There are 2 protein chains.
Amino acid sequence: MAGSSSSASGTTRARLLEAALALTGEGGYAAASVAAIAAQAGVSNGALYRHWSSKGELFAELFRTVCSRELEEMTAAGASPRHTTAAERVEAVLTTFSSRALRNPRLAWALIAEPVDPLVEAERLAYRRTYREGLAALLRTGVDAGDLPPQDPDLTAAALVGGVGEALVGPTSPLADAPPDAAVIVAALSAFVRRAIGAGDPG
Amino acid sequence: MAGSSSSASGTTRARLLEAALALTGEGGYAAASVAAIAAQAGVSNGALYRHWSSKGELFAELFRTVCSRELEEMTAAGASPRHTTAAERVEAVLTTFSSRALRNPRLAWALIAEPVDPLVEAERLAYRRTYREGLAALLRTGVDAGDLPPQDPDLTAAALVGGVGEALVGPTSPLADAPPDAAVIVAALSAFVRRAIGAGDPG
DNA sequence: CGACGATGTGAATCGTGATTCACCGTCCAT
DNA sequence: ATGGACGGTGAATCACGATTCACATCGTCG
């Protein structure tokens, strides 16, 4: 009926993903029931199962998509030639992470901390590990080069991921969708990160 | 039948709490179904409802009990006259937290990070906030005294709570109940904390 | 003794969502 | 035109654990 590629909607599959993302961004994973997703996408419950074998699979895919975009951004930020030292790169990665998360706190919460399906949890865990490992690699570089003090890079990286996450969704979750002042928070977090990795003052 | 106060069991109420704690310590909150708790305590499902109006209430009480003990220990550690600077106190608090958590990683995970009832989540949140506020107060003291560099104490505190938590239950959760080497982890975390709050070298 | 409250029993019931399935249309290939 | 694959429908079903409730049991008190 509808034109094959025009107005408001793509394929049902895409609409379901969009709907799931939108609902998660509003009310978190909990608000994204199969019924709600289907309704939002304008299809029936059953349609979902034509494209995924379970709700979990849909969300695993969604998480993968969203997180991989985030990862890309962070990686790019860390790899930019504007930064020369490992400390700067670590800071850039986490600043990117923070400012993006603050743009959509609810979604960030869902991605970082909300209770989810085991299937989805596995996806989240995998990405967390990736973040951690990326940071650890940067830290190792810095330590080896003597820019950063001796430390266990893996542990520092884990603590940074957790610390930044908590600082963002912890204080954020009580708040509505209007972060008080993202720039201030990001700056303060940057300072925390710099100190935590043992880098000196801002360059 | 059994002696009123002798061998293996106190009141049913107490046995239910013990059972819930034990199960949570083994398989987390998820493993602690009403049926499992009742079985472990040697009573029937219904007995639980003679003492709490819901499973959530039981767990809220359990969390409160356990967390308040932890809080006591941490507070005591931070208040000890052995420590003079704010930095030392912060470090002592978090070291206490870490080493205790590492003693029972599964339970720590349940207390810190596992998905739980809203009722229980509220309890957890309250304690997290308390930890955070306690740390923030110490940090403020240090900053005011000039021992620590200027910083947002609340944000630092939040990041520390999150960072230490992640470092503990993140890398820990994949492991069985035998932490590789608690002392090493605690020492490394201490160093992280010292750097993160901007304290100098170890005293 | 007999009533009564507190406690315990455990099978039946409920609530909440995810998941299934018998039944269409539509569209293309033969 | 016709068969059948590809979606789609949505009410019925299922799974799973918490919760209820009609029925004991026991200890205490008048």
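The two copies meet through the same surface, because 100% of the interface residues of chain B are also interface residues in chain A. Contact here requires C-beta atoms, placed from the backbone, within 7 Å. The model is predicted: local features need pLDDT of at least 70, side-chain atom pairs count only at pLDDT 80 or more, and totals for chains, interfaces and linings use all residues. Residues are numbered from 1 along each chain as its sequence is written, with chains lettered from A and ligands numbered from 1 in the order in which they are written.

Across the interface, 24 residues of chain B are in contact with 24 residues of chain A. On the chain B side, helices H8 (153-172) and H9 (182-197) each supply at least two residues. Helices are DSSP runs (H or I, at least four residues) and strands likewise (E, at least two), numbered from the N terminus. H8(B) provides the largest share of that side, 14 residues. By class, the side of chain B that touches chain A has 14 nonpolar, 7 polar and 3 charged residues. In this scheme Ala, Val, Leu, Ile, Met, Phe, Trp, Tyr, Cys and Pro are nonpolar; Asp, Glu, Lys and Arg are charged; the others, Gly among them, are polar.

Two copies of a chain are related by a rotation about an axis and a shift along it.

Within chain B, helix H1 (residues 12-31) packs on helix H4 (residues 55-79) at about 75 degrees, with the axes 10 Å apart. H1(B) is therefore roughly perpendicular to H4(B). That label covers 65 to 115 degrees; under 35 is roughly parallel, over 145 roughly antiparallel and the rest oblique. Axes are lines fitted to C-alpha atoms, for helices over the stretch in contact, and angles run from 0 to 180 degrees between N-to-C directions. From H1(B), B:Leu16, B:Leu17, B:Ala20 and B:Leu21 meet B:Leu58, B:Phe59 and B:Leu62 of H4(B). The residues of this contact divide into 7 nonpolar, no polar and no charged.

DNA strand C is surrounded by 15 residues, the closest being A:Ser33, A:Val34, B:Thr12, B:Val43 and B:Gly46. A residue is near a strand or molecule if its C-beta atom, placed from the backbone, lies within 6 Å. H2 (34-41) and H3 (45-48) of chain A and H3 (45-48) of chain B each give two or more residues to this surface. H3(B) gives the most, 3 residues. Around DNA strand D there are also 15 residues; A:Thr12, A:Val43, A:Gly46, B:Ser33 and B:Val34 come nearest. Here H3(A) gives the most, with 3 residues. The surface near DNA strand D divides into 5 nonpolar, 8 polar and 2 charged residues.

Over residues 1-8 of chain A, pLDDT stays under 50, and the model has 1 contact beyond four places in sequence for them. Where pLDDT is low, the predicted coordinates should not be read in detail.

Conventions:
pLDDT = per-residue confidence, 0-100.
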